[in-house]
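Hi there,

Here is the structure I promised to pass on. My notes on it follow below.

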Amino acid sequence: MVYFILKRLIQSVFVMLAVAFLAFSLFRFVGDPITQMTGVETSVADQERLREDLGLNDPFILQFGRFTGDMLQGDFGFSYRTRQPVAEMIATRIPATIELGVVALLISLLVGVPAGVFTALRPRGIATQAILMTTLVGVSIPTFVIGIMLIFIFGVQLGWLPTFGRGGTVQIGNWESSLFTIEGWRALLLPAITLGVYQLTLTMRLVRAEMMEVMRSDYIRFAMARGVPMRKLHYKHALANTMVPVITIIGLQFGGVIAFSIVTESVFQWPGMGLLFLESIRFVDIPVMGVYLVVIAFFFVLVNLIVDLLYVAIDPRLRVKDVS
Amino acid sequence: MIAFLKRHEGLWLFVHAPAAIIAAIVALLIMLGAIFAPWIALVNPYDLSSFSLFDGLLPPIWEEGANTKYLLGTDDQGRDMISSILYGARLSLVIGISALSIAAVLGVGLGLAAGYYGGRFDAIVMRIADVQLALPAILTALLIDGIARGLLPAAVQQDLRVAVLTLAIALSLWVNFARTARASTFVQMKKEYVLAAIMMGQRPTRVMFVHILPNILGPLLVIMTVDLASAILLEATLSFLGIGLPADSPSLGTLIRIGMQFLLSGEWWILWIPTLFLVALVVSINILGDFLRDVFNPRLR
Amino acid sequence: MLAIKDLCIKFPSRFGDFTAIEDVDMTIKPGEIHGLVGESGAGKSTVGAAVIGLLAAPGYIAKGDLSLGDTDLRKLTPAQAHALRGDRISMIFQDPQTSLNPLMTIEDQLIETIQAHADVSDTEARARAVDLLEEIGIKNAAQRIKSYPHQFSGGMRQRVVIALAICTDPELIIADEPTTALDVAVQSQVLDLIRRLAKDRQIAFMLITHDIGGIAQIADRVTVMRQGRVMETGETRQVLGAPTHPYTRALLDAVPPLDRRIARFRVPDESSSATATATKGNQAETWLLAGEKHAPMGLSLDQITVQFQGARSALWRKPEVFRALDEVSLDVRPGTILGLVGESGSGKSTLAKTITGLIAPTSGTMTLGDETLPGGKARNRHHPSRQLIQMVFQDPYSSLNSRHKIGAILAEPLWFYGFVQDQKERQELAAAMLALVGMQPDAIDKYPHQFSGGQRQRIAVARALLARPRFLICDEPTSALDVSIQAEILNLLKDLQSKFGLSILFISHNLAVVRQMADDVVVLRNGIIEESGASEELFERPTVDYTKTLLSQTPVLPAQWQSAT
């Protein structure tokens, strides 16, 4: 078990290194950092001196090592566009994205898992067919269209909810949260639903498929033949076994949440990392792009490590040694 | 006889799945419309001389003040909506299908080889796939777009928009193919017909492409359909975010982005009609994908 | 007491209702073991599923009576039926590996089952569960009960499954192929356990199986089924000893005896299909016999060892080395059949893969004819042995590429080894070869899924022969087949072997089959050769204990019954 976790840790480090390498290559090869940092008036000699000072003439590996070292110490460099430290820029944007992502993921799980179980247990029901058709349409509507539709209905036509921004936020330490005010929640609702709908359909279909697979397994049939009460059969036996693969996929889905948060943030002008990333692409602000990449990959790796731990907690085959 | 029935099986299921039939018809109509856009469209939205500002903002024919010439109305530039949509769908499909083809060739090739050789090669491919997974589709596409902006001079950028967009989408989709192909290949590698072929001393490429590939086409076909839908959605999303295609060569996504300006004014058709088209196209493809999944995995029925 | 009367089960399909079970009658008294035998497609399992009320959708009972004691099983509501399951009727499944919930301890599963049908406290239920496990033969039950299923071996797991089935004191247990997935030694233990439970606890057993030897050992009564109908029913001794129905007789004829070697199996309608024996002037036969050097070719292995790296259990620990084959030496004399016997995990298949070059031996040498046979990657793709050695696999459903036509499958070796250049000629030869193995030549234009398991195995044999092999490896060639089909394939292999002077390595877990086929026998266990020698000698006078127990534990028809047939 320790070995299993350790193996995953090493894999995670590999992924992080690869992403850091990507970010570094971006920084180093896409456009010349010196021309970006200096103005037109800087002389060629000054540029060369700066290049030498920054160590840009050092061997590639050395530069990459320094880049990674700086990152580990929280030094993420400066934005070409705003000249601010990137670390600061990202840090102020992180809470907005995380709150949005977590609430969206919660929506997708709290609705998606029960819906998946329901449709798996009644595969031929009319309600099931209706839900399946709805979710099929759900995955087919692009996230931004869902956002526009929600804005149009609840913001424009009904005027119930705000259509952009975070509403009222509360500052807790360095964390700017919108979870503690009603205004904040009102502002969060539409973006979170927008982001959650797509994940929800995926979660539901996945839970359904896995659950149906499990329901056909020998041990469920055997439990059935032993007269294990239906409720127990469905929720203790079947659902638990369903969760093993489902959890893995949900970990992977986290990536999807982050990706689509870019779109959602753009539609709702939600001041998160995604919006920052979009701006940085528009202005070819390479350092911000690179750091965003690393931060996202870090979250992804972190979530997947947690998933692995959950995996171990659920599945005794990973926990307990074979005796015989 | 049984082969005939077997082949019939899919056909039989198809005939008895009304949703799939409707989806197929809708998808086919849109695709035909897109292919023959230059011949059936009223105006060429890329050609400024073929439309006129005087026809601008005309509503669809069932609304008051419509011009019967423009069935679904016109946009602010006076472009016929139907024409814009057909040309837009054409572009969306061209990008979607070429991105899909690149992703399929790359992904299936790598996945097959990873499944066949296993060991170190497999580990390397899968680690690359892991990294790719850590950077989801939209992110990859945005990134490639950003890199292209940084590397290419502005003039070339405009010409290469479509190519960059296609590449970006392709790179974000290959992992699906690679993982599916690899998993299916692993299953096939345990089958005795593959062992027999290897034992005979057949070339690895022959074993992979002549023996294994035909046996894993089913799941790949499903992925292909579902990913075509993803590719179209991805293109629309990128164009919507303003980093896809520019306004003068509009895809469906660009049309929707333009339509957003009319969200609050009365000209609803400029936004919602392209949106409806996009959704109809993607829903149809997804329904077909779902149907194929049922055919190839009957146990989920 | 279970009573089944005029049972009819139908499965609606788009071609109309398919009748799976027709007019089946059966009664099982308390304490009686009732064997239900038949080949695949006979509907044995369907009867069992109908009794316990778990008929797979969309099957339904069209008519007939099902009653257990005074309860009419057909009149129960779904809730009543579910309450009855486990309480009065229970079931044992075939594969112990998959019939237990992997995420719950044995304890939880037992307690849950006991409490589902009796209002007892946790402690009481646990005490009962521990007693039960002891009774069923699990030592140290109070501790072992805390384990998860994966911590038990296959045989132990099947005991746990049985404990779960009897923990509520049911009147009837439906055992669906309870020993098929187990090794011989474990098989006989499980059968003993079932017999003991029937006697001590007066449980009625419906024992569904295709293993006639096992039935003969423990069943009180037998019902023989075929295609959903009862062929014959009665006392085991009468049905298996003096069968009255021609189908039962044919079935028994096809069962290979362990205590003697017979020249050929009696197969009822072989005369029509086995044109194999009377194909004078068959093009394929002429072609095969025209091979340049026709001298039989032997194979010998000298101290072959194969090691696998086990999974790494910890970073700082070296991965354990697993020895699949340990200094195995054997000799297949030219033109003879060597039988290789062993239980699962004995290394039989590893041996086959080593010979064919799929696995590289860690040490040792192989010799084919007079030439050394390089192993693993050292054997290049053009090595002559790739043509001289051919293999017939276990699973006819996976050994033929389902996307290729039979014609393409059979023509491949002809094309690949450069025997026949002309496409048309290849097809002709392939068709002739099909005739030689007892198939219709028009099979060439069909796909594998259009054929039954037995027919596919014939095709697989044809493919092997079209490579003009000198040496044939048959890896469990009949273990996936019904016994009557097995008899046909064994006959075919015998015919071909004598006609073309092939040397064959015949791998099987079935001792009786090996006795019918082999000239020499090697007994393998955990990668080590336990015993080897001339076949008849070894079967008559085994010297090693392992061989002796293996022979004694293989369920067979009692000899005095056989004399009657």
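Let's start with one residue: why does C:Thr554 count as buried? Because its relative accessibility is 14%, and buried means under 20% relative accessible area (exposed is over 50%, partly exposed in between; 1.4 Å probe, protein chains only). C:Thr554 sits in the loop between helix H21 (545–553) and helix H22 (559–562) of chain C. Leaving out residues up to four places away in sequence, C:Thr554 touches C:Val184, C:Leu258 and C:Leu511, where contact means heavy atoms within 4.5 Å.

Please keep in mind that this is a predicted model, with local features needing pLDDT of at least 70 and side-chain atom pairs pLDDT 80 or more, while totals for chains, interfaces and linings use all residues. Residues are numbered from 1 along each chain as its sequence is written, chains are lettered from A and ligands numbered from 1 in the order written, and side-chain values use heavy atoms, without hydrogens and water.

Now the sheet in chain C. Four strands form an open sheet in the order E2-E1-E4-E5, paired antiparallel; helices (H or I, at least four residues) and strands (E, at least two) are DSSP runs, numbered from the N terminus, and two strands pair if DSSP finds at least two bridges between them. At the edges are strand E2 (16–28) and strand E5 (71–72) of chain C, each pairing on one side only. Strands E1 (residues 2–13) and E4 (residues 60–68) of chain C are joined by seven bridges, and C:Ala3 has C:Ser67 as its bridge partner in E4(C).

Best wishes
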